[in-house]
2 protein chains.
Amino acid sequence: MSSKTKKTELKTGPLESVIGYRIAKARVTTQALFVRHIGKPFSLRPVEFSLLMLLQANEAVTPAQLSDALSLSRPHLTLLLDRMQERGLIDRARSQVDRRSQQVTLTDAGQVLSAELAQRAPQMEGELQLSLSAAERAMLIELLDKVAAHGGPVPDDEA
Amino acid sequence: MSSKTKKTELKTGPLESVIGYRIAKARVTTQALFVRHIGKPFSLRPVEFSLLMLLQANEAVTPAQLSDALSLSRPHLTLLLDRMQERGLIDRARSQVDRRSQQVTLTDAGQVLSAELAQRAPQMEGELQLSLSAAERAMLIELLDKVAAHGGPVPDDEA
DNA sequence: TATTGTTATACTCTATAACTATA
DNA sequence: TATAGTTATAGAGTATAACAATA
């Protein structure tokens, strides 16, 4: 299954210090990890998993908040919610306060699944301990956060 | 253009320490950075940029090596090379040693463009200095590398 | 007039299987 | 028989514009 050919690694050249390139490479690992621990056993894609975790951790969530948190366009989010609803994992209800907006909630089945997933997540991350100490993990998360924050959400007082 | 609505940030919950989630968030930043500095001005996608940089930094490169380095499937890589060749940036030549394989090289136009790009890359990265010190950058790259290496390329002596 | 969410459309990305030509 | 690269196909991801309902 694995390509056994002994091929010379390519030099990275100017790519060496391009964070985006490094992130793309690291993502290959985390995606594979996800597929193995959660994606395949639960037939979930990364965004679907993230969606469930966000719903579990928050009350009174709107699609707008979700598309923000998951960096998905509204149309994409709509499709995602459709799939999850068809699967019986979430419900949508119009808000009483502002009838344009919705409240997205976990169904009972969704809560059961989310609880299970919340346990698997640390297991999945645990596997990385082979390559990353606890301190390194914490540091990595902190640094990724700084990158994510760069030019990110508009500071409160801006136009 | 920016959504001005003051909406409560969602709690991350169990996602808090999922590296894959953090990487996905950080990727949004680096992609935007790329589009602004390189993608739009040069009509290039991230992989196309990376491809050029790899060709510039290495001699005698084969499609197989490229699909490895860029984490693209062979078919995807073929299409990518087709596009770049149509654009007059690369050439493909069958190897004399093993007539199954190819050598991918930059055309003159490709070399000119790549030289220009190699200068832009540090500029792009420089913008991150606002959020990341030099030491933090170095640390981040090192940690991302460890993640990428996890379960990555098969150690030389393995089956 | 602006905003929430939906529909429609199109284009890119990615994975797989089947093919060819070499070895 | 195995490997390098290609072709074909389909599914998933993503962006955009146009729309309905509500504010």
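Helix 4 of chain B is followed by G88(B), which has a positive phi, near 75°. Helices (H or I, at least four residues) and strands (E, at least two) are DSSP runs, numbered from the N terminus. The model is predicted: local features need pLDDT of at least 70, side-chain atom pairs count only at pLDDT 80 or more, and totals for chains, interfaces and linings use all residues. Residues are numbered from 1 along each chain as its sequence is written, while chains are lettered from A and ligands numbered from 1 in the order in which they are written.

**Exercise 1.** Find the buried residues of helix 4 of chain B and say how they are arranged around the axis.

*Solution.* Step 1: a residue is buried if 20 or more other C-beta atoms lie within 10 Å of its own, exposed if 12 or fewer, and partly exposed in between, with C-beta atoms placed from the backbone. Step 2: the buried residues of this helix are L77(B), L80(B), L81(B) and M84(B). Step 3: they cover an arc (of the directions from the helix axis to the C-beta atoms) of only 100°, so they lie on the same side of helix 4 of chain B. Step 4: an α-helix has 3.6 residues a turn, so residues three or four places apart point the same way. Step 5: the face turned away from the buried side carries the exposed residues P75(B), L79(B), D82(B) and E86(B).

**Exercise 2.** Describe the surface near DNA strand D.

*Solution.* Step 1: a residue is near a strand if its C-beta atom, placed from the backbone, lies within 6 Å of it. Step 2: 19 residues surround DNA strand D, the closest being P75(A), R99(A), A64(B), P75(B) and S101(B). Step 3: two or more residues each come from helix 4 of chain A, and from helix 3 (63-69) and helix 4 of chain B. Step 4: helix 4 of chain B gives the largest share, 4 residues.

**Exercise 3.** How many residues of chain B are in contact with chain A, and which helix supplies the largest share?

*Solution.* Step 1: two residues are in contact if their C-beta atoms, placed from the backbone, lie within 7 Å. Step 2: 59 residues of chain B are in contact with 60 residues of chain A. Step 3: the largest share of this side of chain B, 15 residues, comes from helix 1 of chain B.
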